[in-house]
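Colleague: Please show the model under discussion, and let us examine the terms used to describe it.

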Amino acid sequence: MEALDGFPVPFPLTLKTLHQAAAEHHHRPLVLHREPFPPGIQRPCGLWWPTEEADHIWVAPEAAGAQEVQTYAHELGHQLLGHPPLPVIPAEEQASELPEPAEPEEAVTFTWLSPAFLDGDLLGVRTRSPHHRRDPLYTEREGEAESFAMLLRQRAEVRNSGRHADPLLDRLHRSL
């Protein structure tokens, strides 16, 4: 996959090392979010959305280990594959279009997504409803992003097979 060519796959592959490698590889600021998603709406596992200042990748705070790496890599894949971003509501329109959060002490620091997306309407077709067919283009893009994430994780495994996360053990192992 061309989008992965030249990408520095880190060792060990963790959310922290992957984000650091992506941020260094990226041409503009890349921000990782782990705060809870706003209450009362369908919760995706991950999300990529650009703003004028930076690109943002959100990973559900309950995701851990391989799931958080896969989620981040999937969202990074959307970006590196050149998929169009999801529509967002400008900050000045947020108050009139979305309900108040159930718990006001939970501050949310990112731009609200379009209610159309949250209701399952992406690319003009309801994609998240079990009663409607998925848009073929949406399905294709999700498959491409998932393939990107799997390939990134495979490359990390192949490239780093036989290596140890502890630098001392790794050096000792190589010297033997």
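This is a predicted model: local features need pLDDT of at least 70, side-chain atom pairs count only at pLDDT 80 or more; totals for chains, interfaces and linings use all residues.

Modeller: Residues are numbered from 1 along each chain as its sequence is written, and side-chain values use heavy atoms, with hydrogens and water left out.

Colleague: Why does Glu68 count as buried?

Modeller: Buried means under 20% relative accessible area, with exposed over 50% and partly exposed in between (1.4 Å probe, protein chains only). The relative accessibility of Glu68 is 16%, so Glu68 counts as buried. Glu68 lies in helix α2; helices (H or I, at least four residues) and strands (E, at least two) are DSSP runs numbered from the N terminus.

Colleague: What joins the side chains of Glu68 and Arg34?

Modeller: A polar contact of 2.8 Å joins them. The term requires a pair of N or O atoms within 3.5 Å; within protein, one must be able to donate a hydrogen and the other to accept it, and residues adjacent in sequence count only if both atoms are side-chain atoms. Neighbours within four places in sequence aside, Glu68 is in contact (heavy atoms within 4.5 Å) with Leu15, Arg34, Val59 and Ala63.

Colleague: What makes β2 and β3 paired strands?

Modeller: Two strands pair if DSSP finds at least two bridges between them. Here 5 bridges join β2 to β3, so the antiparallel strands qualify as paired. Gly46 has Val59 in β3 as its bridge partner, and the two strands form a hairpin with 4 residues between them.
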